[in-house]
Amino acid sequence: MRPAWRRRGGGRGSAPDGRRATGRQATGRQATGRRGPRQRLAARVPDLLADRSFRRYWSGQTISMFGDQISSIALPLVGVLALHASPAQMGFLVALEWVPSLLFGLHAGAWVDRRGHRRATMIGTDLGRFALLASIPVGYAFGVLTLWQLYGVAFGVGVLSVLFTVSDPTLFVSLVPEDRYVEGNSLIYGSRALSFVGGPSVGGALVQFLTAPLAVLADAVSFLGSAFFLTRIRPVEPPAAEPGKGSLTAGARFIRRSAIVRASLTAVAVINFFNFVFFALFVLYATRYLHVEPGVLGAVLGIGAIGGVLGAMLTKRLAAWLGVGRVYTISCLVFTAPLALVPLAAGPRPVILAMLMTAEFIAGFGVMTLDISIGSIFSAVIPNDLRSRVSGAFQAVNYGTRPLGALTGGLLGTLIGPRATLWVAAAGGTLGFLLLLPTSLPSFRMPETSRPQHQPATAADRGGQDLAEHPA
């Protein structure tokens with residue numbers, strides 16, 4: 001994401017505290033400690049956002065994530081409202097978006113590492129996802145939209161998302177100095193949290209006033225915004241990996257040897273399985289059984305996601321206080337346990353809405369601290385020449401559990417009913433937290449020293465984990 005000369009302490013000069021020196025720092029007001037409004041505002045802007053390349057990358061991610069949150073409520077409602085999908089069909093729809101991770105994660109990671117050019121790959125996938133999602137409102141406008149088209153779009157978007165996701169970690173470390181990984185992830189996931197606030201609310205309103213298929217168009221356009229900003233940056237990416245025997249499985253072998261990454265994968269695979277059992281039926285349960293209108297549901301999700309914004313704001317401080325590994329471990333429980341409030345919701349309408357909102361608020365806080373902390377840990381412990389392959393192997397298992405969870409949710413919803421299925425999902429998700437307790441991950445702390453950006457990580461940089469635990 002950022003060239004090596006942008007690292008703290010290098011290149012264009014640094015202030016004694018590590019921040020880049022600017023002309024404003026020599027002004028009389030700052031010298032005497034008195035700052036005008038502009039100086040005070042500038043002082044509040046994170047240093048990373050002062051970097052043009054990172055700012056453009058962050059802007060593209062922000063636009064895309066906002067569109068995704070609109071689509072997160074609009075796309076399921078296309079199936080529920082426009083195509084009258086059953087619980088089993090909704091489970092199948094959600095599964096199709098994540099099946100590509102299971103099928104192609106390993107191959108996508110190996111291909112991207114060998115090819116290099118991660119930024120170009122990400123731009124191509126953005127344009128492809130725009131075209132696929134735009135086909136939904138087009139099909140609806142001509143009266144030819146079918147469930148099979150929705151299935152095809154979900155699968156195609158999933159394939160392209162795999163390529164985007166395995167390319168992104170390397171681009172991130174190309175732009176962000178090692179000692180600011182937590183700050184960089186906090187900014188990215190802070191945008192994600194803000195998108196949780198506004199996206200579902202806007203999505204619900206668009207569905208209510210424009211219909212669900214037309215609301216999907218907003219997500220399609222967001223991919224154009226992401227592609228535009230990616231074309232405006234020129235990061236110095238690590239070189240492509242050398243082809244060789246075993247390159248396809250190198251990411252999986254690293255995960256097997258790394259106690260930190262292996263423990264995280266085990267926990268989040270369990271969490272995501274049950275989370276997608278839950279997610280497959282949540283929109284259907286809220287609209288059909290709790291009688292929450294799409295616009296109100298979007299507002300509830302948006303208000304509840306304020307917890308995500310709070311989580312993004314506090315993760316850096318919590319990691320400094322408790323350690324990033326302990327924050328991640330606790331977050332696994334904070335994310336999953338509140339989901340029990342959804343099947344528990346009953347009584348007068350205000351009580352139901354309050355319980356849904358509380359569940360989303362607490363879970364939103366948990367998932368933000370979870371994502372930021374583990375993203376920072378992975379940025380520190382995974383070598384640059386393996387990032388895409390490790391990401392692909394991790395996705396194959398982590399994201400691969402999601403379609404299985406969605407299909408299980410649809411099946412259980414048909415057999416025992418949506419409410420009982422949500423109870424199973426809420427209880428099962430907490431197992432991920434319990435699996436982390438006996439591992440070394442809770443005691444992990446970010447390395448205090450920096451190394452050159454594209455130098456492979458050593459065992460010491462990886463928090464002292466023994467990577468020779470299981471020889472390749």
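**Close-up views of a predicted model**

A search of the whole structure, which is a predicted model, finds eight aromatic pairs.

**View 1. Phe54 and Tyr57 form a tilted aromatic pair.** The ring centres of Phe54 and Tyr57 are 6.2 Å apart, and the planes of the two rings stand at 45 degrees to each other. Both residues belong to helix 3, which covers residues 52–82. Phe54 and Tyr57 are three residues apart in helix 3, about one turn of the helix. Both Phe54 and Tyr57 are buried.

**View 2. Trp148 and Tyr151 form an edge-to-face aromatic pair.** The distance from centre to centre is 5.5 Å, with 90 degrees between the planes of Trp148 and Tyr151. The pair counts as edge-to-face because planes over 60 degrees apart are placed in that class. Trp148 and Tyr151 lie in helix 6 (residues 147–173), and because they are three residues apart, about one helical turn separates them. Tyr151 has a relative accessibility of 7%, so Tyr151 counts as buried. The cut-offs behind these two labels are over 50% for exposed and under 20% for buried.

**View 3. Helix 10 and helix 15 cross at roughly 150 degrees.** In general, a pair of packed helices is described by the angle between their axes and the distance between the axes. Here the axes of helix 10 (residues 259–289) and helix 15 (residues 349–381) come within 13 Å, and their crossing angle is roughly 150 degrees. Helix 10 is therefore roughly antiparallel to helix 15, because angles over 145 degrees fall in that class. The crossing of helix 10 and helix 15 is left-handed. On the side of helix 10, the contact is made by Ile260, Val261, Ser264 and Phe282. Helix 15 contributes Leu356, Glu360, Ile374, Ile377, Phe378 and Val381. Sorted by class, the contact of helix 10 with helix 15 has eight nonpolar residues, one polar residue and one charged residue.

**View 4. His291 has a positive phi.** The phi angle of His291 is about 60 degrees, although His291 is not a glycine. Where does His291 lie? His291 is found in the loop between helix 10 and helix 11 (294–304). The relative accessibility of His291 is 55%, so His291 counts as exposed.

Key: Residues are numbered from 1 along each chain as its sequence is written. This is a predicted model: local features need pLDDT of at least 70, side-chain atom pairs count only at pLDDT 80 or more; totals for chains, interfaces and linings use all residues. Side-chain values use heavy atoms; hydrogens and water are left out. Axes are lines fitted to C-alpha atoms, for helices over the stretch in contact, and angles run from 0 to 180 degrees between N-to-C directions. Helices (H or I, at least four residues) and strands (E, at least two) are DSSP runs, numbered from the N terminus. Angles under 35 degrees count as roughly parallel, over 145 as roughly antiparallel, 65 to 115 as roughly perpendicular and the rest as oblique. A crossing is left-handed if the near helix is turned anticlockwise from the far one by less than a right angle, and right-handed if clockwise. Contact means heavy atoms within 4.5 Å. Ala, Val, Leu, Ile, Met, Phe, Trp, Tyr, Cys and Pro count as nonpolar, Asp, Glu, Lys and Arg as charged, and the others, Gly among them, as polar. Rings of Phe, Tyr and Trp (its six-membered ring) pair if their centres lie within 6.5 Å; planes under 30 degrees apart count as stacked, over 60 as edge-to-face and the rest as tilted. Buried means under 20% relative accessible area, exposed over 50%, partly exposed in between (1.4 Å probe, protein chains only).
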